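These are my notebook entries on a structure that I looked up. I began with the terms and then turned to particular residues.

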Amino acid sequence: MGRNLRSGLAGRERLRPVDLARAHSLSTQAVRNYEEAGILPAAERTAAGYRVYTPLHAAALSAFLALVPGHGHGTAAAIMRAVNGGADDEAFRLVDGSHAQLLDDRRTLQAVESALRELERTAGRGAAGSGSGAGASGGGSGAWPEGGSGWGTRPGGGPGTGAVPRPGRGTGAGSGPGLNVGPGLSAGPGAGGGSGAAPPSGGGTFIGPLARKLGIRPATLRAWEDAGLVRPPRDPRTGYRVYDEAAVRDARLVHQLRRGGYPLERIAPLLDRVRTAGGLEPLEGTMRDWHARLSARGRALLAGAAELEAYLRARG
C-alpha cells in the first residue's frame, strides 16, 4: 500500500497537507502534528505561510505508519526523529531493540509452554501417587523446577528490594537468617521475613526473595494475591506470607502470562481452570493466540523495515 501511495504522488512535486492526509486516511491536523513532532521533515512554506510537502514527506509518512504496528507509536516516532535528524545509527539501534524484544517475548512464550508441560507431568505424578492436584497448596504435587530453562528476569526489571514489612501484609526485604529454598531462591541476610525473622516453619520462601527472583516488586506479588492469582499460606509463627512450591509455581505462571500481555482478569480464570483440570489443555487456545500475535508482530516489523528502507533511499 505504501508503494502505491508513493507512486501515486511521485509525479507531484508540491503536495498540500490535504494531499498527504487523504492518501493516508488521516486528518490534515494529524499531518501537521507529525511534522511538528519531527516524524516528518520540516516543510517549506509559501510566501503566504502555507506548508508545501513533497513526495519525500509522503515516503516519510508511509514509513512511520508502517513502523507503528511492529514498534508501537512511541518507538516508531523516535525512529523517524532519529532518521530526520541524521542519527541513522540511533534509528537502527531502536529497530534492533524491537527485534530483541520480540525474540525475548518468543522465549517467554516457550518458557510458559515448557512450564505448562511440566505442570501437566507433575500433576499426573501427583494423581498417580497421593491423589493431590496440580493446584495443591502444599509442597507435594505440582512442584515447579527452580532450575528450569527460560525463567530469567525481564531486561530492565527492577528488583523487589527495600520493601518495609507491613502488619498483616507480610514483608519485602528484611534481615533474617539464611534460608535455602532451592536454586536461585536462597533467602540470606537482608532477604528474610523481617528483622530477625526465623525461616518459614514449613519450608518455602518469603516475598522478598521471590520478588527478586522474578525481577518484580513485592507489591506486585501482593497485588496478584489480592486478585486471587497467588495464594501463599502464612507462617503460623510469624504471620508472614510463605510461598511454598505451589505458590511459587503460580507466581511464575502469572509473571510469564503478564509478560505475554495478558491482563489480570484474563489470567484468573485460566489459573482456576489449570488448578481444576491439572493440565495444559485449558491454555491451548491462549497459547495459539499468543503465537499468532507474535507472528503478526514479526511480519509488522518486516513491513516497517521495508518502508523505512524505501524512505532512506528516497532521502539519499
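I took helices (H or I, at least four residues) and strands (E, at least two) as DSSP runs, numbered from the N terminus. The model is predicted, so I kept in mind that local features need pLDDT of at least 70, that side-chain atom pairs count only at pLDDT 80 or more, and that totals for chains, interfaces and linings use all residues. Residues are numbered from 1 along each chain as its sequence is written, and side-chain values use heavy atoms, with hydrogens and water left out.

Entry 1: salt bridges.
I counted a salt bridge where a side-chain nitrogen of Lys or Arg lies within 4 Å of a carboxyl oxygen of Asp or Glu. By this rule I found 11 salt bridges.

For accessibility, I used buried for under 20% relative accessible area, exposed for over 50% and partly exposed in between (1.4 Å probe, protein chains only). Glutamate 90 is partly exposed because its relative accessibility is 33%; arginine 93, at 48%, is partly exposed.

Entry 2: a pair between distant parts.
I found glutamate 225 in a salt bridge with arginine 241, the closest N and O atoms being 2.3 Å apart. Glutamate 225 lies in helix H8 (residues 218-226), and arginine 241 in the loop between H8 and helix H9 (245-259), 16 residues apart. Both glutamate 225 and arginine 241 are buried.
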